[in-house]
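Good morning, and thank you for making time for this presentation. I would ask you to keep the model in view while I speak.

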Amino acid sequence: GILAALAIPRFMTATTKSKQSECKGILKQIYTMENTYRQEHSTYWGEGLVASRAAQNTLDSIGVEIATTARYTYTITTANASDLLVTAECDDLDTDAAIDQWTIDQNGDLKCVIDDAVAI
């Protein structure tokens, strides 16, 4: 019983962290493609757009594909000539009520705003 009490929370944390890799990869891809777009058009693209498994084709214009199995919703919060902020949020990463939220900005700074793995 003691071993289970110690092992199960660690296993759940590891599982949640592995699920977060989806978000990190897609945010980095959006960042790369937004910078490519900015080089050609002198501005970032898509302010206010939301992409998710229900809206997979939203980011097709910059070459980012969202899978039908995506856990996160990706929102281009800010996109103008000098600033970019993309937010990824998942409200069902594991069995608790906590959300998981990440951002990436025009400098490529990837940050975990709310870490669901810690909330376990």
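**Tyr72 and its surroundings**

Let me begin with one residue. Leaving out residues up to four places away in sequence, Tyr72 touches Lys19, Gln20, Glu22, Cys23, Ala51, Ser52, Ala88, Glu89, Cys90, Leu93, Asp100 and Trp102; contact here means heavy atoms within 4.5 Å. This is a predicted model, in which local features need pLDDT of at least 70 and side-chain atom pairs count only at pLDDT 80 or more, while totals for chains, interfaces and linings use all residues. Residues are numbered from 1 along each chain as its sequence is written, and side-chain values use heavy atoms, with hydrogens and water left out.

Is Tyr72 buried or exposed? Tyr72 counts as buried because its relative accessibility is 1%; the cut-offs are under 20% relative accessible area for buried, over 50% for exposed, and partly exposed in between, with a 1.4 Å probe and protein chains only.

Tyr72 also belongs to the largest nonpolar core, which has 23 residues. Such a core is a set of buried Ala, Val, Leu, Ile, Met, Phe, Trp, Tyr and Cys residues joined through side-chain atoms within 4.5 Å. The members that touch the most other members are Leu27, Leu59, Ile66, Tyr72 and Tyr74. Helix H1 (2–41), E2, E3 and strand E4 (100–105) each give two or more residues to this core.

**The overall fold**

I turn now to the chain as a whole. One helix and five strands are present, and along the sequence they follow the pattern α-β-β-β-β-β. Helices (H or I, at least four residues) and strands (E, at least two) are DSSP runs, numbered from the N terminus.

Leu110 is partly exposed because its relative accessibility is 27%. Beyond its neighbours within four places in sequence, Leu110 is in contact with Lys24, Leu27, Lys28, Trp102, Thr103 and Ile104.

**Side-chain pairs**

Which side chains meet in a salt bridge? They are those of Glu22 and Arg71, at 3.9 Å, N to O, and this is the one salt bridge that the structure holds. The criterion is a side-chain nitrogen of Lys or Arg within 4 Å of a carboxyl oxygen of Asp or Glu. Glu22 is in helix H1 and Arg71 is in the loop between E1 and E2, so the pair ties together parts 49 residues apart in sequence. With 17% relative accessibility, Glu22 counts as buried, whereas Arg71, at 37%, counts as partly exposed.

There are also two aromatic pairs. Rings of Phe, Tyr and Trp (its six-membered ring) pair if their centres lie within 6.5 Å; planes under 30 degrees apart count as stacked, over 60 as edge-to-face, and the rest as tilted. The rings of Tyr37 and Trp45 have centres 6.5 Å apart and planes at 55°, so this pair is tilted. Tyr37 is partly exposed at 22% relative accessibility, and Trp45 is buried at 16%. The rings of Tyr72 and Tyr74 have centres 6.3 Å apart and planes at 40°, so this pair is tilted. Tyr74 is buried, with a relative accessible area of 1%.

**Totals for the chain**

I close with the totals. The chain has 120 residues, of which 31% count as buried. Among contacts with a separation of 6 or more, 46% come from residues 24 or more positions apart.
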